[in-house]
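Have the structure open and follow along.

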Amino acid sequence: IAGVVGWPIRHSLSPLLHGYWLDELKIDGALVPLAIPREGFARTVLALRRAGFTGVNVTMPHKEAAFALADVTDAAAEVAGAANLLIFHADGRIEGRNTDTVGLRESLRENMESLKGKTVVLLGAGGAARGGLLALDALNAGRIHLLNRSPGKAAQLAMALKSAVKSDIQPGALEDWANVAGHADLIVNSTSAGMKGQPPLEVSVAALPEGATVTDAVYVPLETGLLAAARGRGLRAVDGLGMLLYQAVRGFAMWFGHQPEVTPQLRKYIEDDLVTPA
Ligand code: ATR
């Protein structure tokens with residue numbers, strides 16, 4: 001038994017996703033959603049370990065606390081200062097990993113040709129953008145324009161990751177979009193703008209060159225205003241569902257001992273739920 005811990009947790013797709021793999025691989029297991037407020041996080045995780053859980057996925061707002069609680073962490077978690085996956089080892093150690101980076105990296109690998117030396121505009125400067133920078137660097141992006149509504153946060157994030165990444169990070173404000181969009185091979189939205197209940201992202205795809213790819217970390221709705229506009233212009237649009245599916249693979253493999261696959265059937269299964277949630 002594994003868990004997914006967050007606050008709120010009602011909208012998490014993890015139980016559905018892991019449930020699909022458990023059925024497909026005929027594993028007698030479960031992934032249980034647990035709504036835990038900030039102050040109850042460490043106590044709950046230690047209780048789950050004692051109860052025999054194999055580990056948990058960690059979502060907002062617990063990723064930093066999960067990193068602090070882990071006895072051992074991987075390099076991605078260390079750079080992010082956050083863990084989204086905890087594994088409870090038989091000897092009592094808690095291992096913390098960060099697989100958010102893997103989600104974007106694998107989704108881009110699946111959907112576009114090499115990013116080597118290419119120019120990317122990454123929008124946002126929160127936790128998702130931090131993971132995004134690492135993923136883009138792992139794909140050998142040449143230059144990353146890191147634009148954020150609050151430009152100070154973009155500058156801070158660029159400074160914090162400067163020594164950890166090879167890509168040339170150029171921080172700026174959303175207003176710089178008009179100057180940089182014309183050179184972009186790839187746009188990544190890692191802000192929460194465009195998410196259901198949030199205002200749309202205020203950037204115009206008209207400035208993008210032919211052949212640019214646009215991807216959005218938001219997956220509710222699956223087709224954000226940004227992606228719809230990109231498709232309308234004939235640009236390649238990659239939605240956020242792939243990121244979600246790929247980031248889950250490692251956790252499943254560590255907890256249940258089998259490597260699951262991201263298939264078109266799985267995508268369709270989750271997509272159907274996004275469109276008509278139970
Ligand atoms: P996460 O950890 O998921 O990245 P976060 O740390 O709350 O979440 O970051 C949210 C990001 O979305 C921030 O970069 C935020 O910009 P600010 O730093 O200026 O707050 C960005 N964001 C949220 N709403 C936005 C909007 N309507 N337009 C542009 N950016 C927005």
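The crossing of α5 and α10 is right-handed. This is a predicted model, so treat everything below with that in mind. Helix α5 covers residues 100–111, and its axis comes within 7 Å of the α10 axis, with the two crossing at roughly 120°. Angles of 65 to 115 degrees would count as roughly perpendicular and those over 145 as roughly antiparallel, so α5 and α10 end up in the oblique class.

Now stay with α10, which runs through residues 241–256, and look at its other partner here, helix α11 (residues 264–275). These two axes come within 11 Å, and again the angle is roughly 120°. By that reasoning α10 and α11 are oblique to each other too. As for handedness, α10 passes α11 in a right-handed crossing.

Next, the backbone. Most peptide bonds are trans, and most residues other than glycine have a negative phi. With that in mind, go to Trp 7 and Pro 8: a cis peptide bond joins them, with omega at about 5°. You'll find Pro 8 in the loop that links β1 (2–6) to α1 (14–24).

Lys 26 sits in the loop between α1 and β2 (31–35).

Which residues come nearest to it? Of the 14 around it, they are Ala 125, Asn 148, Arg 149, Ser 150 and Lys 153. Sorted by class, the shell holds 5 nonpolar, 7 polar and 2 charged residues.

In the side chain of Asn 148, an N or O atom is 2.7 Å from a ligand oxygen. Lys 153 brings a polar side-chain atom to 2.8 Å from an oxygen of the ligand. Gly 127 uses its backbone instead: one of its N or O atoms there lies 3.1 Å from a ligand oxygen. Taken on its own, the ligand has 650 Å² of accessible area, and the protein covers 73% of that.

Methods
Residues numbered from 1 in each chain as written. Predicted model: local features only at pLDDT ≥ 70, side-chain atom pairs only at ≥ 80, totals over all residues. Heavy atoms only, no water. Near = heavy atom within 4 Å. Polar contact = N/O pair within 3.5 Å; in protein donor to acceptor, adjacent residues only side chain to side chain. Areas by Shrake-Rupley, 256 points an atom, 1.4 Å probe, with all protein chains shown as cover. Nonpolar A, V, L, I, M, F, W, Y, C, P; charged D, E, K, R; others polar. Axes fitted to C-alpha atoms, helices over the stretch in contact; angles between N-to-C directions. Helix = DSSP H or I, 4+ residues; strand = E, 2+ residues; numbered from the N terminus. Parallel < 35°, antiparallel > 145°, perpendicular 65-115°, else oblique. Left-handed = near helix turned anticlockwise from the far one by under 90°.
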